[in-house]
Amino acid sequence: MGNQEIRAALDRHRAASDTSDFEVEHATYDGKPSYTVSIMEFRGDKVARETQYFADPFQASAWRAPWVEPLS
């Protein structure tokens, strides 16, 4: 994948994120949705480090169910 293709993919992802277009924004693995959390650390105006965590969907534990809003 060349630089232009990478830039286009990043631009599509960011635009989808800005408009909450989850179908475009989120990739699937083995045909199942996968949720992510991204933590970006900046140094000045540059990204110094990005850490991503991936997880399959799961039911909330009973103790925290009152504070959970299911994603659809």
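## A tour of the predicted chain

Start with the whole protein chain selected: among its contacts (heavy atoms within 4.5 Å) between residues at least 6 apart in sequence, 10% join residues at least 24 apart. This is a predicted model, in which local features need pLDDT of at least 70 and side-chain atom pairs count only at pLDDT 80 or more, while totals for chains, interfaces and linings use all residues. Residues are numbered from 1 along each chain as its sequence is written, and side-chain values use heavy atoms, with hydrogens and water left out.

**Whole chain, cartoon view.** Colour by secondary structure to find 2 helices and 4 strands, in the order α-α-β-β-β-β along the sequence. Helices (H or I, at least four residues) and strands (E, at least two) are DSSP runs, numbered from the N terminus. Show the C-alpha atoms: they fill a box of roughly 45 × 30 × 25 Å along the principal axes. The radius of gyration of the protein chain is 15 Å, whereas a compact globule of 72 residues would have one near 11 Å; the value is taken over C-alpha atoms, and the globule rule is 2.2 Å times the number of residues to the power 0.38.

**Whole chain, surface view.** The accessible surface comes to about 6800 Å², of which 52% belongs to carbon and sulfur atoms (Shrake-Rupley method, 1.4 Å probe; for residues, only the protein chains shown count as cover). Of the 72 residues, 4% count as buried. Buried means under 20% relative accessible area, exposed over 50%, and partly exposed in between (1.4 Å probe, protein chains only).

**R7 and D11.** Next, select these two side chains, which meet in a salt bridge at 3.8 Å, N to O. A salt bridge here is a side-chain nitrogen of Lys or Arg within 4 Å of a carboxyl oxygen of Asp or Glu. R7 and D11 are separated by about one helical turn, because they lie 4 residues apart in helix α1 (residues 3-18). D11 is partly exposed, at 40% relative accessible area.

Move to A27, in the loop between α2 (22-25) and β1 (28-29). A27 has 48% relative accessibility and counts as partly exposed.

**R49 and E41.** Finally, select R49 and E41, whose side chains meet in a salt bridge at 3.7 Å, N to O. E41 is partly exposed, with a relative accessible area of 34%. The count of salt bridges comes to 2.
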